[in-house]
Amino acid sequence: MIQLSAQCLDAIRTEGEKAYPNECCGALLGVIFDDDKRLVQSIFPITNAREQTEQYHRFEIEPEDLLRAEKEARSQNRDVLGFYHSHPDHPARPSEYDRNNAFPFYSYLIVSVEKKKAAALTSWRLSDDRKEIFEEVVKEETMAVIIQIPTALRGFTERKHEVEVEGQTVGEAINALAGKYPDLRQHLYQGENLRSFINVFVGDTNIKKLEGLDTKLSGNETVMLVPAIAGGA
Ligand SMILES: [Zn+2]
């Protein structure tokens, strides 16, 4: 399954309409959790590198552009999960050409654009032996929050690095996390408040510089728990 926020889905549709009658392309950046659930948190549009006369039915990504996408993903603590492209006046199914050029692991999202209007949107994966290309479920996710768990607390989250929860604020998200893993709660909270040795970051910013636990989430951010480390003789 691949989940995308409404904003990401809209952005992909808009890219497809803008590029019409040619194909658009770009990378999908996000995280994998619960083994194989994928959450796309942002897209990285890339200029179609095919010759102009072929762009109506082909796309190509220059290695330099893919490298930029990889670097952008790293800087956001995300991974390149796959790629999107459009099929102008063509169904949202992978062509023989798409299949021959696909890699296993990546999600290949296709948006059909009919007469300049975005239509069906599907996602596909190539099997490891390259023998079949199978469709994966695309789900719109509006309030998914990914919480990154520090090594010290993973014993309480079934060793998961990342946990997906729902919440409109940082406080709701962390509370949902503690609800999911009750043994974790005592390490996060002292009474109603977060323990002083737990710092919480939204992206690169400590919530102390935002609105604390009331900091609003749009559903696209990664929340990170960072222990405060200190000591002395
Ligand atoms: Zn295609």
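**Strand pairing and domain arrangement in a predicted model**

Ile2 stands opposite Arg38 in β3, and strand β1, which spans residues 2-4, is joined to β3 by 3 bridges, the two strands running parallel. Strands are DSSP runs of E of at least two residues, helices are runs of H or I of at least four residues, and both are numbered from the N terminus; two strands are taken to pair if DSSP finds at least two bridges between them. The model is predicted, so that local features need pLDDT of at least 70 and side-chain atom pairs count only at pLDDT 80 or more, while totals for chains, interfaces and linings use all residues. Residues are numbered from 1 along each chain as its sequence is written.

The pairing of β1 with β3 belongs to an open sheet of 8 strands with mixed pairing, in the order β7-β6-β5-β4-β2-β3-β1-β8. At its edges lie β7 (133-136) and β8 (138-140), each of which pairs on one side only. Neighbouring strands of this sheet are turned against each other by 35° on average, direction ignored, with axes given by lines fitted to C-alpha atoms and angles that run from 0 to 180 degrees between N-to-C directions.

The chain is divided into domain 1 (2-140) and domain 2 (144-227), bounds that come from an automatic or database domain assignment. Taken over C-alpha atoms, the centres of domain 1 and domain 2 are separated by 30 Å. To the contact between them, domain 1 and domain 2 contribute 9 residues each, two residues being in contact if their C-beta atoms, placed from the backbone, lie within 7 Å. On the side of domain 1 that touches domain 2, β2 (25-33) and β3 (37-46) each supply at least two residues, and β3 gives the most, with 3 residues. By class, this side of domain 1 has 3 nonpolar, 6 polar and no charged residues, where Ala, Val, Leu, Ile, Met, Phe, Trp, Tyr, Cys and Pro count as nonpolar, Asp, Glu, Lys and Arg as charged, and the others, Gly among them, as polar.

In total the chain contains 5 helices and 15 strands. Helix α2 (residues 63-75) has 13 residues and reaches 18 Å from its first C-alpha to its last, close to the 18 Å expected at 1.5 Å a residue, the expected span being 1.5 Å times one less than the number of residues. Just after α2, Asn77 takes a positive phi of about 60°. The C-alpha atoms of the chain fill a box of roughly 70 × 35 × 30 Å along the principal axes.
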